Structures are given as structure tokens and as C-alpha cells.
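Reader: Could you walk me through this structure? I have it open beside me and would like to take it slowly.
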Amino acid sequence: MRKTFGTGSVWEQKLGYSRAVQVDNTLYISATSASGENGIVGNDFYEQTQFILQKLETVLADAGFGLADVVQSKLYLTDITKWEDAGRAHGEVFGEIRPTLSLVHVLPFLDPEMLVEIELVAQKSAS
């Protein structure tokens, strides 16, 4: 079974991608930024990571998954020296769940106000 999930973003249609794709009991979520209705939310790595994780919790819920189902997390940071700020926000959400984690230093995103993007993989246990 393959099912796609979108958010209605113009970029999904333009670039030909889905916010999330579920294959059987696994959900793959595209890298997500701190973009909100009025632009980028948060002025630092901690705030943007917090906002993104809230957005991703909604994506998970819309697909019938939860934070506890997350098995892999990737944080893309435009300034790797700020890893502790992003990591603190990540740890507040995933401290007990403990998915795998990659911290990746990247060049600036298309919008220079974007400091962080997060990509998740979630998996439900086979019942």
C-alpha cells in the first residue's frame, strides 16, 4: 500500500513531491522548514526547530502516526555551531523516544531566513 499526504503548498505541486508518503507501515516525511502563513517562524535555531517539530507532529497525526512512531530524524542546519540549540528543542520532543539522529551542515536554503529543516521517518509496529 502506498499513500501520499500533502499540505496544499504550491511547492508540492511545482516540484512534484508529497509532504509525506506512507508505504505499508512506514511514513517518510519530506524535509520541513519553519515556514508559516506569514513567512518563517522563529529567529533562531531553537525556535525554528520547535516550530518545525510542531508542524511535523500534525503531519504524523494526519497520517495516523504519532511522535512515538518516529524511528529516524535528520536535522539540516545552516550553521553547525548551533547544533546544541536545535538539539535542545529536538531533545525536548524526542528525549524518551530516542529515534536515530543525523545532524547535517548545509549551505543556506532558498530563503536565507530558514535556518533548519527536519526530515522524519516513522514506523508502526506490525500488529
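Reader: In what sense do strand E3 and E8 pair?
Author: Strand E3 (residues 26-32) and E8 pair in the antiparallel sense over five bridges, where strands are DSSP runs (E, at least two residues) numbered from the N terminus, and two of them pair if DSSP finds at least two bridges between them. The bridge partner of Thr26 in E8 is Gln123. This is a predicted model, in which local features need pLDDT of at least 70, side-chain atom pairs count only at pLDDT 80 or more, and totals for chains, interfaces and linings use all residues. Residues are numbered from 1 along each chain as its sequence is written, and side-chain values use heavy atoms, with hydrogens and water left out.

Reader: And how many bridges join strand E6 to E8?
Author: Strand E6 (residues 70-77) is joined to E8 by seven bridges, and the two run antiparallel; in E8, Glu117 is the bridge partner of Tyr76.

Reader: Is E8 mostly covered or uncovered, then?
Author: Strand E8 (residues 116-123) is mostly covered, since six of its eight residues are buried, meaning under 20% relative accessible area, with exposed over 50% and partly exposed in between (1.4 Å probe, protein chains only).

Reader: Switching topic, where is Ile80?
Author: Ile80 lies in the loop between E6 and helix H3 (83-94), helices being DSSP runs (H or I, at least four residues).

Reader: Why does Ile80 count as partly exposed?
Author: Ile80 counts as partly exposed because its relative accessibility is 30%.

Reader: And what about Glu47, which helix is that in?
Author: Glu47 is found in helix H2 (residues 45-62), and Glu47 counts as partly exposed because its relative accessibility is 35%.
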